[in-house]
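The sequence and the model are shown first.

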Amino acid sequence: MIEAGHIEALKSLVGEKGLLTAPADMAAYETGARYDKGRAAFVARPATTAETSAVVAYCVKNAIALVPQSGNTGLVSGSTPDDSGRQGVLSLDRLTAPFALDRVNRTIKAGAGVRLSDLNAKLEDTGLFFPIDLGADPRLGGMIATNTGGSRFLRYGDVRRNTLGLTVVLADEAGTVLDLSSDLRKNNTGVDWKQLFIGTSGAFGIITECVLNLEPAPKQSATALLVPSSPAEVATLLVAMEDALGSYLSAFEAMSGNAISAALDHVPSLRNPFQGGIVPDFVILAEISRSTPPRDGEQPLDAVLEEVLAAIWEREDAPLADAFVGPPHEIWALRHALSEGVKHSGRLIAFDLSFRRGDIMPFLAHMKAEMPDHFEDVTICDFGHIGDGGVHFNLVVAKDDPRLADPDFEMDLRDWVFTVAVEQFGGSFSAEHAIGRKNQAFYDKYTPDDLRKLAAGLKTITSPGPLGAMTF
Ligand SMILES: Cc1cc2nc3c(=O)[nH]c(=O)nc-3n(C[C@H](O)[C@H](O)[C@H](O)COP(=O)(O)OP(=O)(O)OC[C@H]3O[C@@H](n4cnc5c(N)ncnc54)[C@H](O)[C@@H]3O)c2cc1C
């Protein structure tokens, strides 16, 4: 609970529409995309950077904790309040202005509350797009705060690579507004301050506006489902595809047979694309694309892909056992349904790991072999962005498994997976979902003391007020 006087004061800063306190109105902001259900003291929804600054200054002066939230699709309990009922949610969902395209510079200046789908829908006629692609529909502020990766990282990089400038409100008593809104691609005139706010989950400040790089939208694409001849050959296949296709290769995504079966079972609109309906153990989705329209005399991309796959197939050490070239929308529908399918197949315990590319398949083989000895009846339903070293290592346990009643069970499982991934294979415990309450314990465990002290010091300098779900 929070004093009525604070509620009235906040209302005077953002208006009736900008402050929610009724439980029914706050429910969606208190509930995370996958796990969380917290309790908010209020939800503040400022509509401008100035209103954001006023709310933040008031809250800092009165020691009211704020959790920034954009699209609320994050998966590490970073965007929702805890269950104390004392944290306010600072929703950026009304910050949809400005929306200013610079066609020559190939940049957009946009409010942090703009949804990714709205941005790309509005850009459709310009031939440009913001090249981050994922199975959720986040808002730009949250994407920057988590440094979203997604399925086309291989070609376009992450959000960090495509962010030129930011406007940020600091959680200090003045609600200081930092103007870092450069729209220059080359600018080396001192510290690149915007980097502090990218991928750090709102701990150092609140993003209210951004300047983003846009790319020419793909005009042609071709996709295939590839079955490697063995798990060990996945790396050979990736290198062979890159050698043959260079930057045409725009996605190289992994899908385990378990994850595909879960999607086919739970998402009725999907068609099973495999011969005889038999789902292979491991499948790669490969996409090639061009940003130019088809030209007379040019080989269509389907034919390019088929030719490259045929050449790989004919190699003596062929890393490929089977391949199906199919319509991109159908193949991507399967890929984007994996998360939903896995979620419905039992109680999901998910990990967002990354490795050197050559270590992913050895890690998966190790876990498959070791899992039954460590944790019985846990199904591995992995998939992920294997072309850039990412793997969503999903574990599914039957919903009525009695071990789920023991709070130590999930923590022991997480501890074991992270120990193998980070300590044995040199991987990351959070590849592209950033940090939040869900992985706080592992941030504390795996971040060296001197770096944690440095982060805590930066937090004190930038945003000393209680901001964000994490403790630094
Ligand atoms: C089905 C599904 C598929 C997904 N696939 C991918 C994927 O392929 N790749 C990937 O990277 N992620 C993926 N995600 C995770 C998620 O969509 C991304 O992390 C996303 O970018 C989060 O953006 P959001 O707007 O929803 O942020 P939120 O969930 O609202 O917030 C995320 C974090 O950022 C902070 N924050 C939010 N807004 C601001 C702001 N304006 N200023 C400062 N801090 C802020 C929050 O406090 C929180 O810590 C997926 C999620 C789902 C549900």
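In which sense do S5 and strand S6 (residues 107–111) pair, and over how many bridges? The two strands pair in the antiparallel sense over 4 bridges. The model is a predicted one, in which local features need pLDDT of at least 70, side-chain atom pairs count only at pLDDT 80 or more, and totals for chains, interfaces and linings use all residues. Residues are numbered from 1 along each chain as its sequence is written.

**The open sheet**

Helices (H or I, at least four residues) and strands (E, at least two) are DSSP runs, numbered from the N terminus. Two strands pair if DSSP finds at least two bridges between them. An open sheet of 5 strands has the order S5-S6-S10-S8-S9 and antiparallel pairing. Its edges are strand S5 (99–102) and strand S9 (177–180), each of which pairs on one side only. On average, neighbouring strands of this sheet are turned by 10° against each other, direction ignored.

**Strands around S4**

Strand S4 (residues 87–91) runs parallel to S3, and 4 bridges join the two. Strand S2 (residues 40–44) is likewise joined to S4 by 4 bridges, also parallel. Val89 in S4 stands opposite Val67, and Val89 is also the bridge partner of Val43.

A residue is buried if 20 or more other C-beta atoms, placed from the backbone, lie within 10 Å of its own, exposed if 12 or fewer, and partly exposed in between. By this count 5 of the 5 residues of S4 are buried, so S4 is largely enclosed by the rest of the structure. In a regular strand the side chains alternate between the two faces of the sheet. In S4, Gln87, Val89 and Ser91 point one way, and Gly88 and Leu90 the other way. In strand S3 (residues 66–69), Leu66 and Pro68 point one way and Val67 and Gln69 the other, and all are buried.

**Helix packing**

Two packed helices are described by the angle between their axes and the distance between the axes. Axes are lines fitted to C-alpha atoms, for helices over the stretch in contact, and angles run from 0 to 180 degrees between N-to-C directions.

| Helix pair | Axis angle | Axis distance |
|---|---|---|
| H1 (residues 4–14) and H3 (residues 49–61) | roughly 165° | within 9 Å |
| H8 and H10 | about 85° | 7 Å |

Angles under 35 degrees count as roughly parallel, over 145 as roughly antiparallel, 65 to 115 as roughly perpendicular and the rest as oblique. H1 and H3 are therefore roughly antiparallel, while H8 and H10 are therefore roughly perpendicular.

Residues are in contact if their C-beta atoms, placed from the backbone, lie within 7 Å. Ala9, Leu10, Leu13 and Val14 in H1 meet Glu51, Ala54, Val55 and Tyr58 in H3.

In helix H8 (residues 257–266), the buried residues are Asn258, Ala259, Ile260, Ala262 and Ala263. Their cover includes helix H10 (328–344), strand S13 (249–256) and strand S14 (282–290).

Conventions. Two residues are in contact if their C-beta atoms, placed from the backbone, lie within 7 Å.
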